[in-house]
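Here is a short briefing on one structure. Take a look at it first, then read the points below.

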Amino acid sequence: MSYQFQNITVLIVEDNQPMLELARALMTAFGVKNVMGAKHGEEGFKKFCEHNPDIIIADWMMKPMDGISLAHRIRNDPASPNKFVPFVLMTGFSEKRRVMQARDAGVTEFLVKPFTARDLYRRLYQIIERPRQFVRSEDFFGPDRRRKGAAGYQGHLRRNTDVQPDDYYVNVDSDKRI
Amino acid sequence: MNDRQHFSQKPRRNAEFIKPPNMLKTKVGSGGLSDDILNKAENLLENNTVDFQPLAEMYLAGLMKGIDLAKESDPNDDQEYVISRMLYPGMQLKANGGMFHYPLVTRIADKLIQFLEVIERVDIEVVEIVMAFHTTIRAVVMGRVSGDGGKHGTELMRALNEACVRYFDKYQGKSL
């Protein structure tokens, strides 16, 4: 038994047409039957509202609306049909401050370009098997930004909701089939 | 601060935690994807026939516009904006080079990004360094150097890295 990706719809938002086609081909190779494309954030938001896809994969740098603004709008716009939708941001940036900027906009997973098919699959695996809880505060709504942090912690767990690090983290690189 | 004091603190702000239903899991089920599927997807990436040259030329033209803007800028201009006009096309070169069989472009552009992410102001020496990156990436693309460039590629990387290191040693006392 493997993932039944034919049951989901994916929206890819990318202004670089060859990259859009490549990402679309990868999703098709994974088994996704319904892959939609959009050329920028505005078109992406429109298609998101019309079709309510299960996953969004978006580039960062686009005009007139970039991927960060799209993520923020999806999380906060009253017209958004699903504020919890998993959002994977693709970008050439990998510096910590960029990752934090994306995280603060409500991005679920960060995928650095260039990437391999397995890199993309690992992000999908994370959002399927280890979805983040959401946080609503005075100035933020989006996936909990604290997924990391407990690895190596040796002390007592204080809350019922605390999770053992060994249970929480899976070395996906070492698994042949994840 | 002891535990009692720690857990008696007033919350800094109110936050609500929500666990949305995992509809995605419900739809796709379990079992992951097999190695066979993943290998096919990797092959698809490795064998894509997209011609990177037109894309690269577009991003190189954008980088050159950024360099021109930097040349004409003065210290009172918004330096972050001026740097971003070179950084963004550089990021596109880094992102797309490796996707379309030009890993050397990705390596060089990555070094350019590291440089531009650290500098705080633009001057003539910054312009000259970015220009050297532009010239090198253009030569790689025009020469259709689609692998890692071998020994020549390593030498190009070393020369560009040394230019950055010299800049930081001279002006900021730190290296990349």
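Two residues are in contact if their C-beta atoms, placed from the backbone, lie within 7 Å. By that rule, Phe84(A) touches Phe134(A) and Pro20(B), leaving aside residues up to four places away in sequence. Keep in mind that this is a predicted model.

**Confidence**

- The model scores ipTM 0.86 and pTM 0.85.
- Chain B has a mean pLDDT of 91. In chain B, 95% of the residues reach 70 or more.

**Phe84 of chain A**

- Phe84(A) sits in the loop between helix 3 (67-76) and strand 4 of chain A.
- Is Phe84(A) buried or exposed? A residue is buried if 20 or more other C-beta atoms lie within 10 Å of its own. Phe84(A) has 24 C-beta neighbours inside 10 Å, so it counts as buried.
- In sequence, Phe84(A) and Pro143(A) are 59 residues apart. In space, their C-alpha atoms are 7.9 Å apart.

**Strand 3 of chain A**

- Strand 3 covers residues 55-59 of chain A. Five of its five residues are buried, so the strand is largely enclosed by the rest of the structure.
- Which residues of strand 3 of chain A point one way, and which the other way? Ile55(A), Ile57(A) and Asp59(A) point one way. Ile56(A) and Ala58(A) point the other way. All of them are buried.

**Strand partners in chain A**

- Strand 1 (residues 9-13) of chain A runs parallel to strand 3 of chain A, and four bridges join them. Here Ile12(A) stands opposite Ile57(A).
- Strand 4 (residues 87-91) of chain A also runs parallel to strand 3 of chain A, again joined by four bridges. Here Ile57(A) stands opposite Val88(A).

**A helix pair in chain B**

- Helix 6 (residues 103-118) and helix 8 (residues 150-171) of chain B pack at an angle of about 5°. Their axes are 11 Å apart.
- Angles under 35 degrees count as roughly parallel. Helix 6 of chain B is therefore roughly parallel to helix 8 of chain B.
- From helix 6 of chain B, the residues in the contact are Leu104(B), Arg107(B), Ile108(B), Lys111(B) and Phe115(B). They meet Gly153(B), Met157(B), Leu160(B), Asn161(B) and Cys164(B) in helix 8 of chain B.
- What kinds of residue make up this contact? Six are nonpolar, two polar and two charged.

Definitions and conventions. Residues are numbered from 1 along each chain as its sequence is written. Chains are lettered from A and ligands numbered from 1 in the order in which they are written. This is a predicted model: local features need pLDDT of at least 70, side-chain atom pairs count only at pLDDT 80 or more; totals for chains, interfaces and linings use all residues. Axes are lines fitted to C-alpha atoms, for helices over the stretch in contact, and angles run from 0 to 180 degrees between N-to-C directions. Helices (H or I, at least four residues) and strands (E, at least two) are DSSP runs, numbered from the N terminus. Angles under 35 degrees count as roughly parallel, over 145 as roughly antiparallel, 65 to 115 as roughly perpendicular and the rest as oblique. Ala, Val, Leu, Ile, Met, Phe, Trp, Tyr, Cys and Pro count as nonpolar, Asp, Glu, Lys and Arg as charged, and the others, Gly among them, as polar. pLDDT is the predictor's confidence in each residue, from 0 to 100. A residue is buried if 20 or more other C-beta atoms lie within 10 Å of its own, exposed if 12 or fewer, and partly exposed in between; C-beta atoms are placed from the backbone. Two strands pair if DSSP finds at least two bridges between them.
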